[in-house]
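Have a look at the picture first, then read on.

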Amino acid sequence: MDFSDRLDALQQRAAAAKTEVQAAAAESREQLRQRIDQTQSELNRSAAEAQQRVQQAAPDERSQWAQMKADAAAKTEDIKAKIDRRTRQLDAKAAASDADWAEGGAADALDFAEWAAYNAQLAVLDAIDARAYADELASTART
């Protein structure tokens, strides 16, 4: 498996997210809603693909990572519901409290993304080591 291509795609996704967030900071709420809807749609597609891979795999072959990705998709529905509720709030204090919560949630999501990146690196290194060991044993068995 070519992990380098997957890491390149991940790097491009992170760069695109940074660009999107920087652009969003200067947009109207209507533009933000459109951006949120588009991102939600992309996230739903990605989660559906992960869920499909999990369902197609034999129970003993199911990746814990794919299952975690599929499970995390459910959490995004909570964010979407909070965004929808926010548009109905008229109380400035409640809106400020909601903004504080959203900022904390964003910080937590970034912490999780950093953790996931380290775990992905470890998983890739483990896969490379496992393949090298298997090739080494196969080579020894032939001699």
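What follows is a short tour of the helices, the charged pairs and the aromatic rings.

This is a predicted model, where local features need pLDDT of at least 70, side-chain atom pairs count only at pLDDT 80 or more, and totals for chains, interfaces and linings use all residues. Residues are numbered from 1 along each chain as its sequence is written, and side-chain values use heavy atoms, with hydrogens and water left out.

**The overall layout**

The chain has 4 helices and 0 strands, so its pattern reads α-α-α-α along the sequence (helices are DSSP runs of H or I with at least four residues, strands are E runs of at least two, both numbered from the N terminus). Of its 143 residues, 12% count as buried (under 20% relative accessible area; exposed is over 50%, and partly exposed lies in between, with a 1.4 Å probe and protein chains only).

**Helix α4**

Helix α4 covers residues 92-142, which makes 51 residues. From first C-alpha to last it reaches 74 Å, close to the 75 Å expected at 1.5 Å a residue (the expected span is 1.5 Å times one less than the number of residues). Its buried residues are D98, N119 and V124. At the start of α4, a side-chain oxygen of D91 comes to within 3.0 Å of the backbone nitrogen of K93.

How many aromatic pairs does a search of the whole structure find? There is 1 (ring centres of Phe, Tyr or Trp, the last by its six-membered ring, within 6.5 Å; planes under 30 degrees apart are stacked, over 60 edge-to-face, the rest tilted). It is the tilted pair of F112 and W115, at 5.3 Å centre to centre and 35° between the planes. These two are 3 residues apart in helix α4, so about one helical turn separates them. F112 is partly exposed at 42% relative accessibility, and W115 is partly exposed at 41%.

**Salt bridges**

Side chains of opposite charge can pair when their charged atoms come close. The whole structure holds 3 salt bridges (a side-chain nitrogen of Lys or Arg within 4 Å of a carboxyl oxygen of Asp or Glu).

| Pair | N to O distance |
|---|---|
| E20 and R35 | 2.4 Å |
| E27 and R35 | 2.4 Å |
| E49 and R45 | 3.2 Å |

E49 and R45 are 4 residues apart in helix α2, so they are separated by about one helical turn. Shared partners, meanwhile, join E20, E27 and R35 into one network.

How values were computed:
A polar contact is a pair of N or O atoms within 3.5 Å; within protein, one must be able to donate a hydrogen and the other to accept it, and residues adjacent in sequence count only if both atoms are side-chain atoms.
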